[in-house]
Amino acid sequence: MNLMGCGTALVTPFRRDGSVDEPALHALVNWQIEEGISFLVPCGTTGEAATLTEGEWLRTIEVVIGAADGRVPIFAGCTSNATREAVAKAERLAQMPGLTGILTANPYYNRPGQEGQYQHFRAISRAVGLPVLLYNIPSRTGANLEPATVLRLSEEKNIIGIKESSGSIAQITELVNLLPRAFSVFAGDDGMALPAIAVGGCGLVSVASNEIPGQMAAMVGAALENDWATARRINRHYGRLLAANFMEPSPAPVKAILSLMGKIGDDSVRLPMVKVSPATQRKLERIAGELGLLVEAPPSGADLRMF
């Protein structure tokens with residue numbers, strides 16, 4: 001499949017009691033699609049998949065599929081550091097009607113070498129007929145998936161691309177140069193979107209598009225069309241927001257802003273993640289307000305200074 005553009009790494013909204021807020025998730029999916037997002041990725045890092053029960057994980061994906069109703073592709077997060085468990089999870093998702101494919105990250109904690117990662121991802125891909133997106137995020141998993149290993153994995157017929165979150169433009173460039181043109185290389189960090197596309201990447205899996213889906217879709221689309229003036233303008237305008245989403249461990253900041261925007265009812269995250277500090281909350285509110293993202297403008301004359 002020819003997957004490209006801007007996809008959203010969806011948050012998982014929670015109620016104050018800690019349960020998944022399904023109506024908020026349904027509304028968020030609808031808004032994302034209406035704003036022009038190319039595809040959706042539920043239950044990844046931003047979706048706090050590591051703290052969802054198996055039942056919540058499956059139900060969250062079902063809600064996203066139902067809300068999307070076939071309008072955009074859905075790639076569900078499906079990761080485990082035990083290959084046998086990762087294969088079992090992928091097989092469960094393969095039975096889910098309407099799911100396009102899976103996104104699966106490096107095995108975490110074990111820190112396998114290149115051959116171990118190759119065999120891990122190959123086992124997952126061969127267990128299911130679904131398209132598979134690899135997810136390289138060494139900062140969270142402790143293992144880097146090197147371009148030469150990705151090249152070997154690209155020979156598997158249903159491994160169609162990679163979300164590359166190494167933070168290295170040199171590694172992204174090597175991937176693009178090594179891999180077949182049909183293999184999709186996505187930036188996995190908002191700040192790397194334009195450099196990645198400039199060297200031949202096909203898009204972005206975004207955190208910021210939770211908050212500004214239309215703007216991020218427009219930025220990525222402009223870059224893919226070689227309209228770099230527009231792409232740079234959007235990137236420059238929202239640069240503070242892209243950085244602000246990582247003022248504290250993600251997804252606490254993006255959830256705080258979504259709550260301020262009225263897109264989710266509560267900004268709860270699950271332990272060991274915690275809500276942003278009051279100081280960061282004030283900074284986020286200022287940035288969101290200055291960018292015109294808040295439901296209501298602050299009262300006239302309000303002091304919005306951060307210090």
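These legends describe close-up views of a predicted model.

**View 1. Strand β8 is covered on both faces.** The strand spans residues 203–206. Side chains in a regular strand alternate between the two faces of the sheet. On one side of β8 sit Gly-203 and Val-205. On the other sit Leu-204 and Ser-206. All four are buried, which means under 20% relative accessible area.

**View 2. Strand β8 pairs with β1 and with β7.** Strand β1 covers residues 5–9 and runs parallel to β8, with four bridges between them. Look for Gly-7: Val-205 of β8 stands opposite. Strand β7, residues 184–187, is also parallel to β8 and is joined to that strand by two bridges. Here Ala-187 has Leu-204 as its bridge partner.

**View 3. The largest pocket has a volume of about 560 Å³.** Its lining counts 26 residues, and Gly-44, Thr-45, Glu-48, Ala-49 and Ala-50 are the closest to the centre. Helix α3 (83–94), strand β4 (101–105) and helix α5 (138–141) each supply at least two lining residues. The lining holds 14 nonpolar, eight polar and four charged residues.

**View 4. The second largest pocket has a volume of about 330 Å³.** Twenty residues line this pocket. Nearest its centre lie Arg-181, Phe-183, Gly-200, Gly-201 and Cys-202. At least two lining residues come from each of α7 (169–178), β7 and α9 (213–224). By type, the lining splits into 14 nonpolar, five polar and one charged.

Conventions. Residues are numbered from 1 along each chain as its sequence is written. This is a predicted model: local features need pLDDT of at least 70, side-chain atom pairs count only at pLDDT 80 or more; totals for chains, interfaces and linings use all residues. Side-chain values use heavy atoms; hydrogens and water are left out. Buried means under 20% relative accessible area, exposed over 50%, partly exposed in between (1.4 Å probe, protein chains only). Two strands pair if DSSP finds at least two bridges between them. On a 1 Å grid over the protein atoms alone, a cavity is a set of points where a 1.4 Å probe fits but cannot get out, and a pocket is an open set with protein on both sides within 12 Å along at least five of seven lines; lining residues have an atom within 4 Å of a point. Grid points are joined across faces, edges and corners, and a volume is the space filled by probe spheres set on the points. Ala, Val, Leu, Ile, Met, Phe, Trp, Tyr, Cys and Pro count as nonpolar, Asp, Glu, Lys and Arg as charged, and the others, Gly among them, as polar.
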